[in-house]
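The entries follow the order in which I looked.

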Amino acid sequence: MRAVIDTNVLMAGLLWRGPPHALLEHVRAGTLSLVSSPALLAELADVIGRSKFDAILTRTNTSRERSLAEVRQLVEVIEPPPLPAPVCRDPDDDEVLALAIAAKVELIVSGDDDLISLSSFEGILMPRAGRGTHLRRGKRQDLTLCFMLCFKGEKTARPGGKA
């Protein structure tokens with residue numbers, strides 16, 4: 001399964017425990033393929049560079065450079081063409097949608113209210129934070145993955161339906 005993970009969720013996954021971190025663990029394990037773009041990677045570099053993250057980076061004994069290098073290793077980078085017409089109020093959100101379409105992903109993971117208010121776009125799921133989403137690849141039950149895409153600490157189910 002392929003996904004775009006927006007910067008806000010990616011930051012939470014890199015710096016804290018919980019469902020966003022568990023989502024990154026799926027990427028690390030190869031059960032989820034992460035797709036990004038030069039624009040999203042630049043946004044991540046800008047956000048992680050903010051001084052408000054100094055304390056958590058120090059506390060977790062990591063660096064901005066190491067975190068960015070890890071993300072670059074995990075992602076497939078695609079330069080998407082722009083959407084033919086604006087969809088979201090925020091043009092940055094349209095970049096996420098354009099990437100998702102160009103990369104043919106099944107899922108966009110974001111905590112951005114403007115983006116997830118769409119709930120889906122061109123058949124791509126965008127679950128609202130606070131809910132788990134059961135996703136199937138094809139029709140095989142044994143490949144069902146449940147990614148808890150909330151920030152409430154729910155457990156992530158494994159293929160086959162067992163938590």
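Before listing any pairs I noted the rule I rely on, namely that two strands pair if DSSP finds at least two bridges between them. I also noted that this is a predicted model, and I read every entry below with that in mind.

Entry on the strands. I began with β2 and strand β3 (residues 75-77), which run parallel and are joined by 3 bridges; within this pair I found V35 bridged to E76 in β3. On looking up what else β2 pairs with, I found that strand β1 (residues 2-5) and strand β2 (residues 33-36) pair in the parallel sense over 3 bridges, and that R2 has S33 in β2 as its bridge partner. I then followed β1 to strand β4 (residues 107-109), with which β1 runs parallel over 3 bridges, and here V4 has I108 in β4 as its bridge partner.

Entry on the helices. I next asked at what angle α1 and helix α2 (residues 19-29) pack. The angle came out at about 85°, with the axes 7 Å apart, and that makes α1 roughly perpendicular to α2. For the residues behind this contact, I listed V9, L10, A12, G13 and L14 on the α1 side, which meet P20, H21, L23, L24 and R28 on the α2 side. Sorted by class, the residues of this contact divide into 7 nonpolar, 2 polar and 1 charged.

Entry on the cavities. I then asked how many cavities of 30 Å³ or more there are, and the count came to 2. By class, the lining of the second largest cavity holds 5 nonpolar residues, 2 polar ones and no charged ones.

Definitions and conventions
Residues are numbered from 1 along each chain as its sequence is written. This is a predicted model: local features need pLDDT of at least 70, side-chain atom pairs count only at pLDDT 80 or more; totals for chains, interfaces and linings use all residues. Side-chain values use heavy atoms; hydrogens and water are left out. On a 1 Å grid over the protein atoms alone, a cavity is a set of points where a 1.4 Å probe fits but cannot get out, and a pocket is an open set with protein on both sides within 12 Å along at least five of seven lines; lining residues have an atom within 4 Å of a point. Grid points are joined across faces, edges and corners, and a volume is the space filled by probe spheres set on the points. Ala, Val, Leu, Ile, Met, Phe, Trp, Tyr, Cys and Pro count as nonpolar, Asp, Glu, Lys and Arg as charged, and the others, Gly among them, as polar. Axes are lines fitted to C-alpha atoms, for helices over the stretch in contact, and angles run from 0 to 180 degrees between N-to-C directions. Helices (H or I, at least four residues) and strands (E, at least two) are DSSP runs, numbered from the N terminus. Angles under 35 degrees count as roughly parallel, over 145 as roughly antiparallel, 65 to 115 as roughly perpendicular and the rest as oblique. Contact means heavy atoms within 4.5 Å.
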